[in-house]
Amino acid sequence: MDTDIAQKYLLRALDAFNKRVIVVSPEFKVLAASGQSIGSRQTEIVGKPCHEVFKDLPAPCENCPMGEVMATGRPSLRGSQGDPEERMACLYCYPIFSGKKVEALVMMDFDLPILEGLEEKLHRSSAFLRSLILSSVDGVIAAEKTGKILIFNDAAVEICGYGVDEALNRLEIRDIYPGDAAREVMRKLRSEEYGGRGKLKGYRVDLLRKDGELIPISLNAAIVYEGDREVATIGFFNDLRETLRMKEALEKTQIQLLQSEKMASLGKLAAGVAHQLNNPLGGITLFAKLVLEEYELEEGVQEDLQRILKDAQRCRDTVKELLEFARQTRQEMRPHDINQAISRTLFLLENQAIFQNIDIEKNLAPDLPLVPADIQQLNHMFMNIILNAVEAMEGKGKLTLKTTLSSNRERLLIEISDTGSGIPEDILPQIFEPFFTTKEDGKGTGLGLSLVYSIVENQGGSVTARSQPGEGTTFLIELPLTREDNGGDEHGK
Ligand code: ADP
Ligand code: MG
């Protein structure tokens, strides 16, 4: 192909390009021009000053780049906001050299309305995305592959305790996780077993707050790829503290519910058995007494019969305790003075032989508010705890009874301590269970503390024991001063 044809094509290509391309002499004279708007005017405009032809101006345009391009020999690109609404005019000006001298200049004049619009849209949508992320209720943290933090939104600030600037400038992603956890997250992100490559869903991990606290979170994370290349990671997470707290409270309530159901059904069972036993026990006692009274018996036989009577009596005591435990009678809730209830129980017990060498210290706060309670149940409760304490001291030691008001004045606290054998740690959780006893056969029924438990429960209070084996035991009872009325509760179990 000869050069003529090549040049022709070049010219046609310039026309097809459909932008103004003007070649101008250093004196601003048009040497050649292409573009649709020029079309047939080509011959008219060649040799005329370009400002006259294209702008209808008497002198070169104000921001004409030609002088600069001639002086520096380097191309120039000027962008100017033409029509303020939507277009950007770009003026490219290139030198055409003859040797080292600029012989002419080629100017290309582009309007860039579409590009400009796109840029603006892009700008707006990335600003929108950014504020979307920043205002997310979930914590959002994004980091470069190197670990440098790129995004740290308000929720992340709140959960992690770092300021945004601090996070962006001084932190790395591994600083917000304890130990090796950040690396573990990355390992899981890359492993197939967690929701697919580069993604992690609902992963339970801890964050390390600025103040050192560990915050349990649920993390959704992803690796950001450009093609096949990992460029960043982004994580969305929420604070699980409240959820976990609620779950724990729920579990505790469930356990309590189970416990009180267990107590209630055991109570019913016990009541049934107790009633069944009462009649034959009455028979055994009655007939043993009759035989003792009406027959001349050998001493050995008499002793055996006495033994039968004694054992029958013990059975009846147990049955009585069982019935008390499973009380079906209506309670009478009235305001009572707890100090007085304690003193009365002590008064009844004090004269028993087993109390002889026991020091009793009463440390009862004066002017305590009255507690709504069933007095019979209160007496039983104190009796059981005090008897256990004295039994644990095996006749010698100190019994301390203390009452106070809780600091918020909503509950009455009763502490009953002894200097007895104490309770080994492994059996401590069992002592409130019905029939749990460590006492030898015939001495303990294992029902005392389960009764205490159900009474306190019924009061809406709580009872706990702490013990130092070998040194003693303290029972702490908390009773609410006002009752949340939950109907049926008032009528025994
Ligand atoms: P019981 O007295 O019939 O054994 P309880 O329910 O009253 O049944 O008590 C259960 C168990 O708790 C006792 O057998 C004992 O091992 C333990 N216990 C209760 N109170 C004390 C105490 N103050 N000191 C040591 N052990 C105690
Ligand atoms: Mg007991």
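## A strand inside the structure

Eight of the nine residues of strand S17 are buried, so the rest of the structure largely encloses this strand. The model is a predicted one. S17 covers residues 472-480.

Two of the facing pairs can be picked out by name. Ile-416 has Phe-475 of S17 as its bridge partner. Ser-417 stands opposite Thr-474 in S17.

S16 and S17 form a hairpin with three residues between the strands. Gly-470 in this hairpin takes a positive phi near 90 degrees.

## The mixed sheet

Which order do the strands of this open sheet follow? The order is S12-S14-S15-S17-S16, five strands with mixed pairing. Strand S12 (357-364) and strand S16 (462-468) form the edges. Each has a single partner strand, so one side of each has no neighbour in the sheet. From one strand to the next, the twist averages 10 degrees.

A helix packs on this sheet: H11, residues 338-350. Helix H11 touches S12, S14, S15 and S17. Strand S14 is residues 396-405. The direction of H11 makes about 170 degrees with that of S12.

In general, the strands of a sheet pair through backbone hydrogen bonds, in either a parallel or an antiparallel way.

Most residues other than glycine have a negative phi. Two loop residues are worth a look here.

Asp-367 is not a glycine, yet its phi is positive, at about 55 degrees. Asp-367 lies in the loop between S12 and strand S13 (371-373). Is Asp-367 buried or exposed? Its relative accessibility is 80%, so Asp-367 counts as exposed.

Arg-409 is not a glycine either, and has a positive phi of about 60 degrees. Its place is the loop between S14 and S15. Arg-409 has 59% relative accessibility and therefore counts as exposed.

## Helix H12

Helix H12 takes in residues 375-392, 18 residues in all. From its first C-alpha to its last, H12 reaches 26 Å. That is close to the 26 Å expected at 1.5 Å a residue.

What lies at the start of H12? A side-chain oxygen of Asp-374 comes to within 3.0 Å of the backbone nitrogen of Gln-377. Just after the helix, Glu-394 takes a positive phi of about 45 degrees.

Which residues of H12 are buried? They are Gln-377, Leu-378, Met-381, Phe-382, Asn-384, Ile-385, Ile-386, Ala-389 and Val-390. An α-helix has 3.6 residues a turn, so residues three or four places apart point the same way. The buried residues of H12 can be read with that in mind, including Leu-378, Met-381 and Ile-385.

## The antiparallel sheet

Another part of the chain holds an open sheet of five strands, ordered S7-S6-S10-S9-S8. The pairing in this sheet is antiparallel. Strand S7 (149-152) and strand S8 (199-208) are the edge strands, and each pairs on one side only. On average, neighbouring strands are turned by 25 degrees against each other, direction ignored.

Strand S6 (residues 139-144) pairs with S7 in the antiparallel sense, over three bridges. Ile-141 stands opposite Phe-152 in S7. Helix H8, residues 181-190, packs on the sheet. H8 touches S8, strand S9 (214-226) and strand S10 (229-239). The directions of H8 and S8 make about 175 degrees.

## The chain as a whole

The chain has 493 residues, and 34% of them count as buried. Its secondary structure comes to 13 helices and 17 strands. Take the contacts between residues at least 6 apart in sequence: 55% of these join residues at least 24 apart. The accessible surface of the chain is about 30400 Å². Carbon and sulfur atoms account for 53% of that surface.

Notes. Residues are numbered from 1 along each chain as its sequence is written. Chains are lettered from A and ligands numbered from 1 in the order in which they are written. This is a predicted model: local features need pLDDT of at least 70, side-chain atom pairs count only at pLDDT 80 or more; totals for chains, interfaces and linings use all residues. Side-chain values use heavy atoms; hydrogens and water are left out. Two strands pair if DSSP finds at least two bridges between them. Helices (H or I, at least four residues) and strands (E, at least two) are DSSP runs, numbered from the N terminus. Axes are lines fitted to C-alpha atoms, for helices over the stretch in contact, and angles run from 0 to 180 degrees between N-to-C directions. Contact means heavy atoms within 4.5 Å. Buried means under 20% relative accessible area, exposed over 50%, partly exposed in between (1.4 Å probe, protein chains only). Accessible areas come from the Shrake-Rupley method with a 1.4 Å probe; for residues, only the protein chains shown count as cover. The expected span of a helix is 1.5 Å times one less than its number of residues. A polar contact is a pair of N or O atoms within 3.5 Å; within protein, one must be able to donate a hydrogen and the other to accept it, and residues adjacent in sequence count only if both atoms are side-chain atoms.
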